[in-house]
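Q: Please take a close look at one part of this model: the packing of its helices. Keep to the geometry and the contacts.

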Amino acid sequence: MPYRVIDSFEVRYLQIVDEAGNLDESLFDGFSEWLVRSFFERLVLSRTFNSRCLSLQREGRIGTYPSIYGQEASQVGSALALDAKDWVFPTFRESGVLAALGYPMELLLRYWMGDERGMKIPHGMNIVPMSIPVGTHIPHATGCGWAMRLEGARAAALCYFGDGGSSRGDFHEGLNMAGVFKANTVFLCQNNQWAISVPRTRQTASRTIAQKAFSYGFEGIQVDGNDIFAVYRATLDALNRAKRGEGPTLIECFTYRLDDHTTADDASRYRDPGEVEEWKKREPLLRLRLVMQRMGLWTEDYEKEVVKHSEEVVDSAIEKAEAVSPPEPSDILIYTSHTPSGRQRRELKEL
Amino acid sequence: MAKANLVDAINRALAEEMERDERVVLLGEDIGRDGGVFRVTAGLLERFGAERVVDTPLSELGMVGAAVGMALWGLRPVVEIQFMAFIYEAIEQIFSHAARIHSRSRGRYSAPIVVRTPYGVGIKGPELHSDSTEAIFCHMPGVKVVVPSTPYNAKGLLKSAIRDEDPVVFLEPSRLYRTIKTELPQEDYTIPLGHAEVVKEGGSITAISWGTMLHRTMEATEGFDVEVIDLQTLKPFDEETLLNSVKKTGRTVVVHEATGFCGVGAELSAFFAELAMLHLRSPVMRVTAPDGVVPMAILEDHYMPSVEKIRRAFEEVMNY
């Protein structure tokens, strides 16, 4: 018998607007003026928050901080596709997602100042505290999306992680189980090309991260992660499929981390500055601006107004965050367990 | 009242809790059609359906991780790990997430999951089927660790574990699954976590044990005036019951089948040294497995603390 092909897969790539601002008319559908303005305003807000955090870190006013510069389209575009009932499982590099969702910035700042109360998610927001160990939260999104399916909820779980996270066993077990049980989960990998100093080619020998989905029995797609329109469209479609009970999707947002890994890192030790310059030409705000110009939505004054407003919002959050009194030392213990042990009760007296 | 073994008791606790609370779901390998490798979940698939009694892929990390996500959404998952040594892959999920989410979110979220697993030597199992590493879990703030010793307390403790808001590691002594029977009330009852049981009163020695070794400790008491305490919850343990007993006896022997170094016995010894020094008439003695890797079937009887070894410890504290 000759060899036969018993299955084959195609990896699709979605780009709606290219770097030069050219757009695919057939895919450019459903982007109302209101939505496009939201893209711009949230993107500027998240970029403003991010650059302020970098300054605050240099001034010693917050601790180590991971920049999102370059990844704002992946973060804002996907976050704006969410409904209030959906659940979000972010990593530590998700300021743009949180800013776009309206997470109180003063809380996020408190967190980066070293205050756990910054991750006390306000009621009504289905956001889980950011995962610090890379990729370990992926199975949580599986479990949450699976529970949604079991209970017939019209909701989905959106899980963020990076190219580094896709190398973990958690990625395999989380996606594998999500496929088996058709969880209402969308896995969104921001492939920013670098896991600290290790390039994407060292994370996997496969050509894309998107194609890994096929081995788990569901759809994977690579998206231009700097094209906010493509990210929004792909995420919305995936969330809707999940909510209809059609199972999970893996979205690979092909993007780039323009800054160091964190403020404690120096990317010039391992990365060619020429590569960074090339990617700066593709950063997401440039092409969004071009599309908005074409739609008649952008003027210099409008952008100035948006930037000014964003700075005011962030500055007011900084003011609020810095006015908060430090937590009580007893906070170390009181949230550990619902029923404290004898030892904890004694230790509480000493704190 | 009808008698039941440990397998029946755990099965009934699971069934009653699933009946009482629709949010309780079971995840595990071979727990559905097969009823679990020890048949602890036999019949539950037929009764509650495949959406609540779930045969998962072979994926310990995935199961515990998914359980955390389900718990965040509002379910009460109970995960079965086939043997204790297979839980290690899932430790990061328990330590970095389940144990911390309440603290990390400053009370907004909890992870009320139960991870059940058989532990211990005595079933002539293959390699890595007989571990007893409860102390690892006791070391992690935010995790509760429970070990039943009889069908009666297994049912009551497991129900409490399922209703608890914190993650609980529930360790089932595999040697006892079918070797002992006790009376098992049909009605709903719970045994609170953090409560130790005085199973035999005595005046000269306090012997503290749990799980399989509790029964060996009982066997060793003949001819000694021993108060035997079944710790039941290793963390948080019942300080009051232990202190009251040692104040009376002045001598303490801790018996466990895990290795001694950094074992729960070490914590109990330190506890007595810190809080009951003036009541002690002898050093706190520990009877434990030697500090070696759990052997395979042929040597396992030499590994597990014997009745003779426990009796020698009793003699030693009496003659100190």
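A: **Helix packing**

Helix α1 of chain A (residues 33–58) has 26 residues, and at 1.5 Å a residue it should span 38 Å; its end C-alpha atoms lie 38 Å apart, which agrees. The expected span is 1.5 Å times one less than the number of residues. Helices (H or I, at least four residues) and strands (E, at least two) are DSSP runs, numbered from the N terminus.

This is a predicted model: local features need pLDDT of at least 70 and side-chain atom pairs count only at pLDDT 80 or more, while totals for chains, interfaces and linings use all residues. Residues are numbered from 1 along each chain as its sequence is written, and chains are lettered from A and ligands numbered from 1 in the order in which they are written. The model scores ipTM 0.97 and pTM 0.97. Chain B averages a pLDDT (the predictor's confidence in each residue, from 0 to 100) of 97, and 100% of the residues score at least 70.

After α1(A) comes A:Gly60, with a positive phi near 75 degrees. α1(A) packs on helix α11 of chain A (residues 300–323): the axes come within 9 Å and cross at roughly 45 degrees. Axes are lines fitted to C-alpha atoms, for helices over the stretch in contact, and angles run from 0 to 180 degrees between N-to-C directions. The angle makes α1(A) oblique to α11(A). Angles under 35 degrees count as roughly parallel, over 145 as roughly antiparallel, 65 to 115 as roughly perpendicular and the rest as oblique. The crossing of α1(A) and α11(A) is right-handed. A crossing is left-handed if the near helix is turned anticlockwise from the far one by less than a right angle, and right-handed if clockwise.

α1(A) contributes A:Phe40, A:Glu41, A:Val44, A:Leu45, A:Thr48, A:Phe49 and A:Arg52 to this contact, and residues from α11(A) include A:Val306, A:Val307, A:Ser310 and A:Glu311. Two residues are in contact if their C-beta atoms, placed from the backbone, lie within 7 Å. By class, the contact of α1(A) with α11(A) has 9 nonpolar, 2 polar and 3 charged residues. Ala, Val, Leu, Ile, Met, Phe, Trp, Tyr, Cys and Pro count as nonpolar, Asp, Glu, Lys and Arg as charged, and the others, Gly among them, as polar.

Now α5(A) and α6(A). Their axes come within 8 Å and cross at roughly 15 degrees. The two helices are therefore roughly parallel to each other. α5(A) passes α6(A) in a left-handed crossing. A:Ile138, A:Pro139, A:Ala141, A:Thr142 and A:Gly145 of α5(A) take part, and α6(A) brings residues including A:Phe171, A:Gly174 and A:Met177. The contact of α5(A) with α6(A) divides into 6 nonpolar, 3 polar and 2 charged residues.

Next, the contact between the chains. It takes 33 residues from chain A and 33 residues from chain B. On chain A, α5 (138–150) and α6 (169–180) each supply at least two residues of the side that touches chain B. α5(A) gives the most to that side, with 10 residues. The side of chain A that touches chain B has 15 nonpolar, 13 polar and 5 charged residues.

Across the contact, α5(A) packs with helix α3 of chain B (residues 60–73) at an angle of about 55 degrees, with the axes 6 Å apart. That angle makes α5(A) oblique to α3(B). Their crossing is right-handed. A:Gly143, A:Cys144 and A:Trp146 are among the α5(A) residues that meet α3(B), where the partners include B:Gly65, B:Ala66, B:Gly69 and B:Trp73. This contact of α5(A) with α3(B) has 13 nonpolar, 6 polar and no charged residues.
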